[in-house]
Amino acid sequence: MASMIILLPIILPFFGSFIIIAKPFRDRLKMRICTMSIVLATMFIALYAIYFSGVESLTVYRFASNMSLAFRLDGLAKFYGTMVSILWTATTIYAFEYMSHEKYEQRFFLFFTMSFGVVLGIAFSANLLTLYLFYEFLTLTTLPLVMHEMDKKAYHAGKIYLTHMMGGASLAFVGLVIIICYSNNIDFKLGGVLNPAMVAGNENILRFTFLVAFFGFGVKAAIFPFYYWLPTASVAPTPVTALLHAVAVVKSGVFAIIRLTYFCYGIDLLRGSFAQNIMMGAALFTIVFGSTMALKTSHIKRRFAYSTMSNLSYIIFAVSIMTLNGLAGGLLHMLYHAVVKITIFFCAGAILVQTHREYVKQMEGLGTKMPIIFGCFTVAGFGLVGVPPFAGFHSKWNIAIAALQSANPLAYAGIMVLIISALLTALYVFTVVISAYFPKTGVLENRDDTGAHDPPKLMTLPIVALTVLSVVLGFMPAQLMQLLRFIISS
Amino acid sequence: MALLLPFLVIFPMAGAVVSYIIGRRNKNARNMFANALVTVEFAVAIFMSSKSVEFSSASFCGLGINFADGGLRGILSVLCGFIWFTSTLFSTEYLKSYRNRNRYYFFMLSTLGATMGVFLSTDFYTALIFFEIMSFTSYVLVVHDETEEALYAGATYLAVAVIGGLVTLLGMFFMYHLTGTLDMRELGEIIKNVSDKKPYYIAGLLISFGFGAKAGAFPLHIWLPQAHPVAPAPASALLSCILTKAGVFGILALSCQVFMYDANWGFFVLIIGTITMVLGAVIAVFSINLKRTLACSSLSQIGFILVGIGMQGLLGEENALASGGTILHIINHGVIKCTLFLCAGVVYMNIHKLNLNEIRGWGKDKPFLKIVFLIGLLGIVGIPLWGGYISKTLLHESIVEYSHLLVNAGQSTLIFDIIEWLFLFSGGLTLAYMTKLYMALFVEENPYPEKHSSKGKYMNHTTTAVLLLCATIITVFGILPHNTLDVIAHCARPFMNSTDPAHAVHYFSFANLKGALITVVIGAAVFFLFVRKALMATDENGNRVYIDAWPSWLDIEKNIYRPVLVKILPAVLGCAAKVFAGFLEDLMFVILVVFVLVVRFFTESFEYIAEVGMYIFLNKEMPKYGEKREYGDDVYFSTFTPELHDEEKGFRENLSGALVFFGVGMVAALLYIIF
């Protein structure tokens, strides 16, 4: 039972997190040590499981002949699991400092740690049923994080979040039912799990249900028109916005879409059909819509929430190309965007904690006052825009190349959309950067700038580390693409 | 040896970081370090220029980066090293009283590395990477003064650079899709054998967009007359002399390698070049700001270079004169404009003014500066014995040569006659605006003298030496063209696929001198009849002063580009998004209302039944159907209305529209299970 080790990183945070709340900590340091040790242990076990245990699947419980609760570490699971583990640890360090400015720290870390296990569960699931289960779990464990402030705004955001997620899950449920009905074994397999004999004659119904499920999972990926929860949820504390709404929750949605498209329905059924066109169209519209809204929004966290929405649709667009190169490009963007966007949110959070400023106009002239924060923000911003040779450039390049190779007319239009969106991205990122470094004359004189300096080391450390990581990753896209192609095929 | 190529790129960038760290401790040491760095860079560039080596790193940055040196790349990298060398040495004195010098040095040195990267690249992918880095690092140089003017110009610069870069990227996607490579030579090989070139032209056009924007080609020149003057003078020199050449390099690669000997492409570049050439010269004549005039002059000279590039395409294999003229004009313009900008820098450094009326007469008692400026003037106008003459003669000859070819082939030469005359006319305008500057600065008496005429030292020895060096080079180039410029042209020929001309060009023969003579006549006529008459007016005290007579409605940047980009584009996109989103929202809202009504009907009915039951069994009061009840705050789950943010009008508040698709999903699932 060597493969039992897969279960450990999923269960450990779940039960471990109760220690955080059960024990009334007298001093903050002990609580931090406790949380950190759980998170670190989870990360190490997860990484150990990912790289040293086999690929055979572990069936925990079998409901019926073709329905089971099972976990398996295939290439995609390893990729997502590694990404989540590393980013989660970085965020935990950041959250310690950030949350000391907020109330209810213990409750926060309880759910924060618990979500870690749930996301790993999503990553490691071996079939759609297990994935769906953890997907629902994730909604529940993250809800208290979104509503953390417990004021009216937070209640509202929480309700919006919950209703959207429930609705999305109900749509996704349709897909799950169909997958179970039309296949003998629902364990993920590249190329789809549907039974060809049953599929014959029902193609269009299947494609339609795929679309329903796509939009269902698309709710977490903030696809238009189900995006509204994402900017609203930016009322949550920054570590939550950063991790959950730039990495864990939204990427889980994208991850589920990848599983659904490539590993359940299979691209052969979908390619060239109306389902692909609608999926791609929705993604393309969301890209432009998200970027435009980001440009129009002056609240910095909401601005980058919209930006997240647009970038997620880059990935969905890449996925919807329905070639393996497209998928590889999409995964590359998933990785780059995760690292870059988490850095940007960390920076926004650091500014918020230090100066209590949330709007772009108020950032004027802070560049020289908070050199580390804005230095990292600028580098991450370059990555987001996709200025060569920074991170985002290569992923967009690969997506565009895959789109060209697919010979799909809509994908050609997608390249134009990528370019337009890159322009809009440049506008909404550089307006922040430029006004931070080159304020208008006279702004700085009559303004109180107390506290406008770099935050303590515990906060800057993860930011700097992630910035360095994004730059390093930006210099090795060829290797990453090779790795990703290998991952997909394994 | 090949490792010296990435060294040329990385060394200045690493040096930028080191200089920043040194600068935090000691300003002088930082200046010394920067000077030493550019000297080493210049030396390495010279050393490498004669070697023909290649360096490629396939795994680096996706498609890999590829460098080569030798030939045209070697010449451009030496020019780059030289311009940086002179302007960095000058920076020490110029920036003495400036703030944020650390930032200046950091970005100046990193721009050096990026520019080298562009010049050494052998494929468009590498070129684009360094091109983008160069655009962003040089932005900081443009806005260094942080005045409102500088920020405005910087915004234009950045916008053009970003849009240009993106369009180029788009073109590269298409080119890569069409051919599967971005290597300049390979592209040429592939396209040579293609019969239907239309898609390649489109890809080429898109690629040339970004490079053309950086070069200042019409109609993307708008940023140039704004951005060059507002930067500190040494940075202006860099921008004007060498960063524009990075754009020219891209166009050169497209024209000479990708679309080799392609007449259609050549004609296109020729037309763009002609417009830029005339336009730049005309704006320069009107300008009354010293550095702005020089910037517009750069625009016009870039036009000359583009004319040369265009002629190469048209002349095909007989492009010896055109290719020589192109590369020599790149070199000459680089050196001459550097000299002139440094002179302007000396003026600004002393009196902090650039308006011709304010700086009038400042240089009367400064013979050294006067002579250097005069040499620059003679060089750029193209007076025999100074550098510019040689290259302009070659360019002129190439147009004449093509006309001859057309005559021999029995075709109309009208267009090329016009272009020839526009060429000479622009040369004349060059003389006119340069004389205007010279007269104002060094000859005329200032009617409103200020205290600024400092009799003492107005520049230090380093600056003097730098200016002397530049002036000497211009003169040597002009006097000994066969030993200097011809050799340079010879080195560059392989890149442009041309051979040496069959017999050496007699630069000082009568036929060639005639062109210079016509130029001088036109220039003198424009200067005396137009500049002195129309562009000067008598002020209230009866003195003649320079006036800015350029009609403001001709400013296409303010009147077209900015409104389109800032207002119309977002408005259109926003409207489209809004209409679509609004439609969906309204649809959702209708469904929502229906849903709520249905739910309410059922709940109220149930409640009514329950209450009727209670009336029957528990003796409660008989209820009325539909009676208003107190629901409290939250009966429909989410009646709370958020503060509406002006930028986002999301779903209508109740139930957030989300419950609807929750229901829709459930109904769909049920329907499926039933049927």
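This is a predicted model: local features need pLDDT of at least 70, side-chain atom pairs count only at pLDDT 80 or more; totals for chains, interfaces and linings use all residues.

Student: At what angle do the axes of α13(B) and α16(B) cross?

Tutor: Axes are lines fitted to C-alpha atoms, for helices over the stretch in contact, and angles run from 0 to 180 degrees between N-to-C directions. Helix α13 spans residues 320-351 of chain B and helix α16 residues 387-409 of chain B. Their axes come within 8 Å and cross at roughly 150°.

Student: How many nonpolar, polar and charged residues make the contact of α13(B) with α16(B)?

Tutor: Contact means C-beta atoms, placed from the backbone, within 7 Å. The residues include Leu321(B) and Gly324(B) of α13(B), and Leu394(B) and Glu401(B) of α16(B). Ala, Val, Leu, Ile, Met, Phe, Trp, Tyr, Cys and Pro count as nonpolar, Asp, Glu, Lys and Arg as charged, and the others, Gly among them, as polar. The count is 8 nonpolar, 8 polar and 2 charged.

Student: Is Ile251(B) buried or exposed?

Tutor: Ile251(B) lies in helix α10 (residues 233-258) of chain B. Buried takes 20 or more other C-beta atoms within 10 Å, exposed 12 or fewer, partly exposed in between, with C-beta atoms placed from the backbone. Ile251(B) has 25 such neighbours, so it counts as buried.

Student: Which residues does Ile251(B) touch, not counting those up to four places away in sequence?

Tutor: Leu205(B) is 46 residues away along the chain, with its C-alpha atom 9.8 Å from that of Ile251(B). The residues touched by Ile251(B) are Ser208(B), Phe211(B), Gly212(B), Ala215(B), Val269(B) and Ile309(B).

Student: How many bridges join β1 to β2 in chain A?

Tutor: Strands are DSSP runs of E, at least two residues, and helices are H or I runs of at least four, numbered from the N terminus. Two strands pair if DSSP finds at least two bridges between them. β1 (residues 58-64) and β2 (residues 67-71) run antiparallel, and the bridges joining them number 5.

Student: Which residue of β2(A) is the bridge partner of Ala64(A)?

Tutor: A hairpin through 2 residues joins β1(A) to β2(A). Thr59(A) stands opposite Ala70(A). For Ala64(A), the partner is Met67(A).

Conventions: Residues are numbered from 1 along each chain as its sequence is written. Chains are lettered from A and ligands numbered from 1 in the order in which they are written. Two residues are in contact if their C-beta atoms, placed from the backbone, lie within 7 Å.
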